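User: I would like to learn how to read helix packing and pockets in a protein model. Could you take me through an example?

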Amino acid sequence: MLRDMFKKTYTLIDTKYKSQLRQEPNIPEGLWRKCKKCGQPVYAEDVKENYYICPKCKAYFRVHAYRRIEMLADKGSFQEWNKEMPFSNPLDFPGYEEKVQAAREKTRLNEAIVTGFCRIDGEPAAVGVCDARFLMSSMGHVVGEKITAMVERATREKLPVIIFACSGGARMQEGCVSLMQMAKTSAALKRHHEAGQLFISVLTDPTTGGVTASFAMLGDIILAEPGALIGFAGPRVIQQTIGQKLPEGFQRSEFLLEHGFIDKIVKREEMKPVLHQILAMHRGTWKGAAAEGAEETKETAPEEAAVSGSSRKDGKKKTEGARTAWDHVLLSRQADRATALDYIQSVFDDFMEFHGDRYFGDDGAIVGGIASFMGRTVTVIGQQKGKTTKENILRNFGMPSPEGYRKALRLMKQAETFGRPVICFVDTPGAFCGIEAEERGQGEAIARNLFEMSDLKVPVLSIVIGEGGSGGALAMAVANEVWMMENAVYSVLSPEGFASILWKDSKKADQAAEVMKITAADLRQLGIVDQVVPEPEPACKEEMGRLAADLRERIRGFMDVYTAMTPEELTRQRYDRFRRI
C-alpha cells in the first residue's frame with residue numbers, strides 16, 4: 001500500500017513538473033534510481049524485480065556480487081570461500097590502505113570478488129562474482145589469490161567454475177604484482193582445463209584491461225550480457241591514440257560475437273537456465289543411456305528406418321539403375337534439401353549453438369555447439385547452406401572461410417577436453433576461395449583441421465548430407481566413420497571444374513560426374529564411405545521425421561562401438577582407416 005501511494009504521488013509530480021524533472025530530477029535516496037542510459041527515474045523495487053534492468057529503456061544496471069549470487073544460486077545453497085583475506089600493499093603505495101578501507105566500509109566486502117560454492121537448479125559449481133563498487137573491481141593480489149584458490153579447490157573437488165567478470169583492469173597501486181595475477185589465474189585455469197573440468201566465463205559491463213587479457217577470455221564457453229563493454233584498451237584510450245571516432249557499438253558484446261570472440265549473448269533473465277543447461281550437459285554419461293535411447297527409437301522409428309543400404313524402393317523415386325551420377329549432383333544441390341541445422345535440430349535434443357573462432361570472426365557457413373543424444377552430451381558441427389537468397393548470403397552459400405574451420409576445430413578440441421563424441425554434417429561446394437580467405441590463411445586452416453582431427457581422442461562421425469566438395473569437405477571428414485546420404489556426392493572438385501580442366505568444356509559436367517565416381521554407392525564400393533543412409537525424395541525438412549529416426553538408430557550403434565574404445569584405440573582406428581585408402 002505504501003509503495004502504491006509513493007508511486008501515485010510521484011506520478012502526479014511527474015505530470016506537473018515533467019520538463020523540470022527531465023532537466024534535474026529530484027530523486028529520493030534509496031527509493032528511486034536514475035537510469036544512466038535514458039536519464040529517467042525508476043522505482044528501485046521495480047528494478048530489483050526486473051533483474052536490475054531499467055523497465056523503461058531496458059538498459060542493464062550493474063549488479064552487486066551478493067545480488068548476482070541470489071539471482072543465480074538455489075536458495076540456501078551458496079557457501080562462501082575465503083571471505084576474509086589479509087590486506088596487501090606490496091609497493092607501500094601512499095594512501096592505498098585508506099582507499100581499500102573506504103571501499104570495504106562502503107561495500108561491506110573484503111575485496112572486489114566474492115567466491116564460493118553453489119547449486120544452480122541442482123547443478124554444483126564453484127562461482128566467482130566481481131563487484132564493480134570495490135575499486136572498479138580491479139585485480140590486485142587479493143583478487144588474484146581468491147580466484148586462484150577457488151579454481152584450485154574446484155579442480156580438486158572436480159567442480160565446474162563460473163566467473164562473472166567485471167573490471168577496470170589491473171590494480172595500479174600494486175604495480176607489477178597486479179600484472180602477475182594475470183599469469184597466476186591463467187595458470188590455475190590451465191591446470192583446471194588439463195584435468196578435464198569446465199570453465200564458463202560470463203562477461204558483464206565493463207570487462208577491460210588485464211582481466212580481459214587473462215581469465216575472462218579463457219573460458220571453455222564464454223557468455224556475455226547484452227551491451228556489455230568488453231575490451232583490452234578502453235574506447236577513450238583507443239580514440240585518443242588513433243585520433244578517429246570509433247564505430248557505433250565498438251567493443252560491445254554484439255561486436256565481440258560478430259568478430260568471433262564469444263560463444264553466446266545471454267539476457268540476464270535467461271542466465272540461470274542457460275548456465276544450468278550447460279552444466280547439466282557437461283555431466284552427462286553414456287552408461288545406461290544406450291538401452292533407453294534404443295527403446296525410444298524402436299517406438300518412434302517407422303518401417304523405412306529398418307531398411308539399410310542405398311537401394312530402398314520408393315514409389316516417388318527412380319531405381320538406382322535408372323539414376324545417373326549427374327542426377328545425384330542435382331539432387332544434392334536442391335534448394336529445399338535438408339540442411340545441417342535441419343538434421344541437428346531433428347536428430348538431437350537441447351542444441352545450444354556456440355559462435356566464433358576466438359581469432360577473427362564468426363562464420364555463418366559453419367554452425368556448431370553442444371546437444372544431447374540419448375542421454376549423452378555430444379558436440380555437433382555442420383556446414384550450413386541457406387534456402388533463400390538472403391540465407392545463402394548470410395551462410396556464404398555454404399562455403400566456409402578460415403574462421404569457420406577454426407571455429408569447428410575449436411569446438412572439436414573442446415569436445416576432446418570433456419570426452420564428448422563429435423558428429424559433423426558435411427555439405428559444401430568447397431571452401432571459400434576469395435582474396436580475404438587467402439589473406440587469413442585458408443590453406444593453413446584446412447590443413448590444421450586434418451592434422452588435429454587425425455589425433456582427436458574422442459569418437460568422430462562425419463555424415464555427407466549434400467555436396468562434399470574437395471578439401472573444404474575433407475576438413476570436417478577425418479573421422480572414425482564417414483557416412484553419406486543416398487543422394488549426396490563427394491568429390492575432389494565439382495564436375496563442372498573437372499570437365500573444364502580435363503576437357504576444356506564445363507558443359508560436359510554430366511559426363512564428368514559419371515567418370516569421377518562421386519556417388520554414395522561408388523564411394524562405398526571404394527571403401528571411402530562406411531555407410532550409405534537411405535533417404536526419401538525429396539530429402540527436405542518435411543521428411544526429417546523418417547530421416548531422423550533412421551539416423552538416431554544408426555548413430556546409437558556408432559556410439560555403442562566407439563565409446564567403448566580407449567583414446568589410443570580411437571586414434572589408431574582412424575589412422576588405419578585412412579592408411580588403407
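User: At roughly what angle do the axes of helix 6 and helix 7 cross?

Analyst: A note before the answer: this is a predicted model. Angles under 35 degrees count as roughly parallel. Here the axes of helix 6 (residues 141–156) and helix 7 (residues 175–194) cross at roughly 10° and come within 9 Å. That makes helix 6 roughly parallel to helix 7. On the helix 6 side, the residues in contact include Gly-144, Ile-147 and Val-151; on the helix 7 side, Gln-181, Ala-188 and Leu-189 are among them. By class, the contact residues divide into six nonpolar, seven polar and three charged.

User: How much space lies in the largest pocket, and which residues lie nearest its centre?

Analyst: The largest pocket holds about 1100 Å³ of space. Its lining has 35 residues, and Arg-33, Lys-36, Tyr-60, Phe-61 and Arg-62 lie nearest the centre. Helix 3 provides the largest share of this lining, three residues. Sorted by class, the lining has 17 charged, 14 nonpolar and four polar residues.

User: Which helix gives the most to the lining of the second largest pocket?

Analyst: That is helix 7, with five residues. Strand 9 (230–231), helix 10 (253–258) and helix 16 (402–417) are among the elements that each supply at least two. The second largest pocket has about 710 Å³ of space. Of its 25 lining residues, Met-217, Leu-218, Gly-219, Arg-358 and Arg-410 are the closest to its centre.

User: How many residues of each class are in that lining, the one of the second largest pocket?

Analyst: Ten are polar, nine nonpolar and six charged.

Note on methods: Residues are numbered from 1 along each chain as its sequence is written. This is a predicted model: local features need pLDDT of at least 70, side-chain atom pairs count only at pLDDT 80 or more; totals for chains, interfaces and linings use all residues. Side-chain values use heavy atoms; hydrogens and water are left out. Axes are lines fitted to C-alpha atoms, for helices over the stretch in contact, and angles run from 0 to 180 degrees between N-to-C directions. Helices (H or I, at least four residues) and strands (E, at least two) are DSSP runs, numbered from the N terminus. Angles under 35 degrees count as roughly parallel, over 145 as roughly antiparallel, 65 to 115 as roughly perpendicular and the rest as oblique. Contact means heavy atoms within 4.5 Å. Ala, Val, Leu, Ile, Met, Phe, Trp, Tyr, Cys and Pro count as nonpolar, Asp, Glu, Lys and Arg as charged, and the others, Gly among them, as polar. On a 1 Å grid over the protein atoms alone, a cavity is a set of points where a 1.4 Å probe fits but cannot get out, and a pocket is an open set with protein on both sides within 12 Å along at least five of seven lines; lining residues have an atom within 4 Å of a point. Grid points are joined across faces, edges and corners, and a volume is the space filled by probe spheres set on the points.
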